[in-house]
Amino acid sequence: MKIVACNSNRPLAEAVAASLGLPLTSASIRRFADMEVFVEINENVRGQDVFVVQSTSYPANDNLMELLITLDALKRASARRVTAVIPYFGYARQDRKSGSRTPISAKLVANLITAAGAHRVLTMDLHAAQIQGFFDIPVDNLFSAPLFSRDIQERYKGRDLMVVSPDVGGVVRARALASRLHTELAIIDKRRPRAGVSEVMNVIGEVEGRHCILVDDIVDSGGTLVNAAEALIKHGASGVSVYVTHGVFSGGAVARVGASPIENMTVTDSIMATEAVRISSNIRQATIAPLLAEAMRRISDESSVSSLFN
């Protein structure tokens, strides 16, 4: 078993390798003068079970090309099996035709990863579960709910909690967390007049006097979660905390979250934190390295991964 780290989130790859007690495989991933990506694997991987750790976060296209070229290099180096470990799967929000003459980019990316030489994919909290069906190879989609539920139970023990979905599309995710915490569920009725802009219309559920836990898979501009938090406070919530798997934080998202009524936002390290995130007063990271490491070990051992969902 060997682990190759690309450049998008090397600290996470190092933490995963440390959890498994293995060194990272020596590889050179660099740019030519015209920014072409060049990959060279500096160790023998013939017949090995190789895991490539790479989130396709910002800059999404550069990181995706790094992943594809690394997969191709390993395939041509005669690796027995190559697993693409993609903690954050970029382009996942383009999982359907959103209008006339628009692409389904998530399917295109799935085809590219398969064609580049991946034998299977390990990812986490896909934006839409049906993306697994875009691949013609096995996909293991891990969930952050077990990690989040343990953290919430430790940090908010004794509080009257309510789990809240920031939109109708996230109800299944929020319901799963509410079931683990044995709490009730509320829903934000949201409208999105254009991409990147959201408006809260109604709060469905009785949140007055309760500490609300907003749960989502991605925080990008932060507008949806900030608007939801403000609406919950207006409806009498005693406080609002947020749990999100993937901290994209584009534009002024960190500042927007910092100026909001959100007490605390917890994101995983599926995307490497920027300096703004690291110094933020109300954003913290929870690591997924042990979860990824255990999933990788089980894949290599050909044992069950499904028990990690519990």
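**Entry 1: annotated positions.** I looked up the UniProt record, an unreviewed entry, which places the feature "binding site" at D34, M35, E36, R93 and Q94; such annotations may be inferred rather than shown by experiment, and feature names are shortened. These residues span 61 residues in sequence and their farthest two C-alpha atoms are 29.8 Å apart, so they do not all gather at one spot. Of these residues, R93 and Q94 are included in the lining of the second largest pocket. A pocket here is an open set of points on a 1 Å grid over the protein atoms alone, where a 1.4 Å probe fits, with protein on both sides within 12 Å along at least five of seven lines; lining residues have an atom within 4 Å of a point.

**Entry 2: basis.** I note that the model is predicted, with local features needing pLDDT of at least 70 and side-chain atom pairs pLDDT 80 or more, while totals for chains, interfaces and linings use all residues. Residues are numbered from 1 along each chain as its sequence is written, and side-chain values use heavy atoms, without hydrogens and water.

**Entry 3: R93.** I located R93 in the loop between β5 (81–86) and α3 (105–116); helices (H or I, at least four residues) and strands (E, at least two) are DSSP runs numbered from the N terminus. R93 is partly exposed at 38% relative accessible area (buried is under 20%, exposed over 50%, partly exposed in between; 1.4 Å probe, protein chains only). Leaving aside neighbours within four places in sequence, R93 is in contact (heavy atoms within 4.5 Å) with Y88, H127, I218 and D220.

**Entry 4: Q94.** I found Q94 in the loop between β5 and α3, partly exposed at 32% relative accessibility.
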